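Please read the following points beside the sequence and the coordinates. They are set out as notes from one colleague to another, beginning with a single contact.

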Amino acid sequence: MTDLSDFPRPSVAVDIAVLSVVADDKGVDRLSVLLHRRATATEKGKWGLPGSFLRERERLSDAVQRTLLDKCGISGLTPRQLLVLDDPGRDERGWVLSVAHLDVVPVTDALSLFSRVDLCWAPVDGSSAVVPGQRRLPFDHDAIVAEAVARFRADHADAPDPYRLLEEPFTVRELRHLHEDVLGERLQKDTFRRAMLPHLVATQSTDSGSVGRPARRYRRR
């Protein structure tokens with residue numbers, strides 16, 4: 001029988017990219033990533049992704065939930081694994097593997113996190129988080145953000161609001177604006193409408209605040 005003590009054991013960490021669409025300091029809705037100000041000695045004071053080391057015999061999913069609750073006050077999410085970062089030199093403290101995860105906070109819930117001084121929503125420019133006064137995120141968190149943003153945008157290519165950022169029911173206009181915020185580009189109205197309507201179910205409610213004929217509201221199939 002193989003003796004496992006004969007093999008080296010790296011430390012294992014989880015890092016989580018939490019995305020949402022929130023208004024920036026100019027009031028413009030933008031795809032953003034949640035950052036936590038580091039309190040530990042390594043990269044202390046810098047903004048980075050919430051993360052933590054795996055505890056003895058702890059599942060990855062449990063470590064992610066613990067980290068989100070302890071560092072962000074968030075619970076009830078269902079994070080999905082993104083990638084494993086295994087560069088032996090990625091952490092100056094030693095050999096650390098990181099299992100990166102992605103999750104999404106609905107727009108309405110994202111607003112409640114603004115009250116935490118150790119949390120901030122950093123807007124995404126292209127595929128990078130923009131943090132005033134900080135050129136990069138700690139470790140390889142920039143690579144995690146880039147992968148999370150790419151996966152998030154790809155999921156929006158064919159499905160209406162797949163992560164349920166919007167509350168139902170919503171208008172096609174509201175849905176299009178959300179997809180534009182996620183993708184960081186303008187979408188052709190008629191083309192978007194034709195692509196999304198097969199995935200939506202019309203409700204009896206309308207947008208009473210719209211100009212002209214009231215806009216129909218929809219829910220996802």
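1. Asp155 and Arg80 form a salt bridge in which the closest N and O atoms are 2.9 Å apart, a salt bridge being a side-chain nitrogen of Lys or Arg within 4 Å of a carboxyl oxygen of Asp or Glu. Because Asp155 lies in helix H3 and Arg80 in strand S5, the pair ties together parts that are 75 residues apart in sequence; helices (H or I, at least four residues) and strands (E, at least two) are DSSP runs, numbered from the N terminus. Asp155 is partly exposed at 25% relative accessibility, and Arg80 is partly exposed as well, at 31%, where buried means under 20% relative accessible area, exposed over 50%, and partly exposed in between (1.4 Å probe, protein chains only).

2. A word on the basis of these notes: this is a predicted model, in which local features need pLDDT of at least 70 and side-chain atom pairs count only at pLDDT 80 or more, while totals for chains, interfaces and linings use all residues. Residues are numbered from 1 along each chain as its sequence is written, and side-chain values use heavy atoms, with hydrogens and water left out.

3. Which residues form salt bridges with Arg90? One is Asp15, at 3.9 Å from N to O, and another is Asp140, whose closest N and O atoms with Arg90 are 2.7 Å apart. Asp140 belongs to the loop between S8 and H3 and Arg90 to the loop between S5 and S6, so this pair ties together parts that are 50 residues apart in sequence. Asp15 and Arg90 are both buried, and Asp140 is buried too.

4. A search of the whole structure finds 17 salt bridges. Elsewhere in the chain, Asp161, Arg164, Glu168 and Arg220 are linked by salt bridges into a network.

5. The buried residues of H3 are His141, Ile144, Val145, Ala148, Val149, Phe152 and Arg153. They cover an arc of only 155° around the axis, which puts them on the same side of H3; the arc is that of the directions from the helix axis to the C-beta atoms. As background, an α-helix has 3.6 residues a turn, so residues three or four places apart point the same way.

6. The structure holds 1 aromatic pair. Phe152 and Tyr163 form this pair, which is tilted, with 5.0 Å centre to centre and 45° between the planes; rings of Phe, Tyr and Trp (its six-membered ring) pair if their centres lie within 6.5 Å, and planes under 30 degrees apart count as stacked, over 60 as edge-to-face and the rest as tilted. Phe152 sits in helix H3 and Tyr163 in the loop between H3 and strand S9, 11 residues apart. Phe152 has 0% relative accessibility and therefore counts as buried.

7. Some backbone values deserve a check. Most residues other than glycine have a negative phi, and most peptide bonds are trans. The peptide bond from Glu168 to Pro169 is cis, with omega near -5°, and Pro169 is placed in the loop between H3 and S9. Arg57, which is not a glycine, has a positive phi of about 60°; Arg57 is found in the loop between strand S4 and helix H1 and is exposed, with a relative accessible area of 82%. Phe139 also has a positive phi, near 55°, and lies in the loop between strand S8 and H3, where Phe139 counts as buried at 18% relative accessibility.
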